[in-house]
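Trainee: Thanks for sitting down with me! Could we walk through this model together, one question at a time?

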Amino acid sequence: MNIAVIGTGYVGLVAGSCFAEGGNDVLCVDNNADKVAKLKQGEIPIYEPGLPELVERNMREERLNFTTDLADAVKKSLVIFLAVGTPTTPSGAADLSAVFAVAAAIGKAMDRYKVVVTKSTVPVGTAKKIREIIKQHTKHPFDVVSNPEFLKQGAAVEDFMKPDRVVVGADDPRPAEILRDLYAPFVRTGNPVMIVDVQTAEIVKYAANAFLAARISFMNEIANLCDVVGADVDMVRKGLASDSRIGPAFLFPGVGYGGSCFPKDTRALIETGKEHDYEMKILQAVHEVNVAQPPRFVSKIIHHFGDLKGKRFCVWGLAFKPRTNDMRDAPVIPIIEELLAKGASVAAYDPEAMEEAKKIFGARIQLCANNYSCLEGADALLVVTEWQTFRSPNFERMKSMMSQPIIFDGRNIYDAEHLRELGFTYYGVGKK
């Protein structure tokens, strides 16, 4: 099948490469000529395990290509995926300007029947607006379909190639069957292709992300209570996870969630409720708890040291989660900003997000070559992202390098009792 994917961000690049791996001819479109030129040279702008090999192989075998020519890609393709960004506006709503601009361009370029698929995360009702925009610019037949993505950063290729489910929102059998055929190679193990109406598909993605965000904020609230009453959140978490009705996923407390999905989608769903005169009370609380987690973490540091002026802190982890270089809405940003505002200095390391950190902080923090080098002379270590490489470090070496053997563990990856036996002062999240 001939496919165009418009937008070579995280979703578009993964989707286009995986569709090509499935045997389709794919044109990925972006209006950034420099980015397209680099992609043609095999330079991948995001860190995602397995993606560079996928891009290289499918380009070599001529199933995948990159272009700035949207009109040509539309003319050559039956199915056109919209995978452009929908960033958060100051109100919390999704900014759909790029989606609508691309819809108009598709309409102008159409020369025969097309299936236009929204892969971008968009509020309910967006497909209807896209349909109206395209209709203003073409007399050719077309269908607009919603096909939300459920990719986890750090495991996106695996998620796409072996999805838990594929949701297709279509109001007509013809585009639904085209999408079912397109996804058939990826669901051979029997996982479902769910055909629903467009509005339902549009809300499924938001509901899924909001629910997972709610689990995280719930555990953070429980952890905060454990801090106050002297309980151990790890034992509470295990007690919850052993209940088959609850399960273990997304029950780990910490400094809050971040990334391109959970914060944005939770706020967008809250705003959608407001637009329809419905108050999303639970999700508003989910958002508020999450916003409060980074300053709460810093408050523990202030409680220990008092004045932070002149103190030096080592930060391990900058990306919002392991196995990605994404720092969008990463909890580490407000943590570092508050430390700097209080007169402290910061040295930091992340296995993949150093370039992103340089864009955000510039020369205001020291970016180090490895996790040990930023410990030299540190008054405390702050663990903010639970990368595997941080889980079993040489604690004796660390202790010898630090001015004070203090660890603030924002992800509860260490055994508190063991570290205290080694002579460290240890603070976790909801741990004794």
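Trainee: Which side chain of opposite charge is nearest to Asp-409, and how far away is it?
Mentor: Good place to start, but some ground rules come before the answer. This is a predicted model, in which local features need pLDDT of at least 70 and side-chain atom pairs count only at pLDDT 80 or more, while totals for chains, interfaces and linings use all residues. Residues are numbered from 1 along each chain as its sequence is written, and side-chain values use heavy atoms, leaving out hydrogens and water. Asp-409 is buried but has no salt bridge; buried means under 20% relative accessible area, exposed over 50% and partly exposed in between, with a 1.4 Å probe and protein chains only. A salt bridge needs a side-chain nitrogen of Lys or Arg within 4 Å of a carboxyl oxygen of Asp or Glu, and for charge Lys and Arg count as positive, Asp and Glu as negative, with His and the chain ends not counted. The nearest side chain of opposite charge to Asp-409 is 5.2 Å away, and it belongs to Lys-431.

Trainee: Where does Lys-431 find a salt-bridge partner, and at what distance?
Mentor: The pair ties together parts that are 197 residues apart in sequence, because Lys-431 lies in the segment after β14 and its partner in helix α10 (residues 233-241). Helices (H or I, at least four residues) and strands (E, at least two) are DSSP runs, numbered from the N terminus. Both Lys-431 and Asp-234 are buried. The partner of Lys-431 is Asp-234, with the closest N and O atoms 3.6 Å apart.

Trainee: What is the strand order in the open sheet of 6 strands?
Mentor: Strands count as paired if DSSP finds at least two bridges between them. Asp-409 lies in β13, and β12 (residues 380-383) pairs with β13 (residues 406-409) in the parallel sense over 3 bridges, with Leu-382 standing opposite Phe-408. The edge strands, each pairing on one side only, are β11 (366-367) and β14 (425-427). With parallel pairing, the order is β11-β10-β9-β12-β13-β14.

Trainee: Are the residues on the two faces of strand β4 buried or exposed?
Mentor: Strand β4 (residues 79-82) pairs in the parallel sense over 4 bridges with β1 (residues 2-6), where Val-5 stands opposite Phe-81. β4 also pairs in the parallel sense over 4 bridges with β5 (residues 114-118), where Val-115 is the bridge partner of Val-79. As for the faces, Val-79 and Phe-81 on one side and Ile-80 and Leu-82 on the other are all buried.

Trainee: How far apart are the closest N and O atoms in the Lys-300 and Asp-227 salt bridge?
Mentor: A search of the whole structure finds 23 salt bridges. In this one, Lys-300 is buried at 17% relative accessible area, whereas Asp-227 counts as partly exposed at 27%. The closest N and O atoms of Lys-300 and Asp-227 are separated by 2.9 Å.

Trainee: What separates the C-alpha atoms of Ile-270 and Gln-284?
Mentor: Ile-270 is found in helix α11 (residues 262-275) and counts as buried at 4% relative accessibility. Taking contact as heavy atoms within 4.5 Å, Ile-270 touches Met-280, Leu-283, Gln-284 and His-287, not counting residues up to four places away in sequence. Ile-270 and Gln-284 are 14 residues apart along the chain, and their C-alpha atoms are separated by 6.7 Å.
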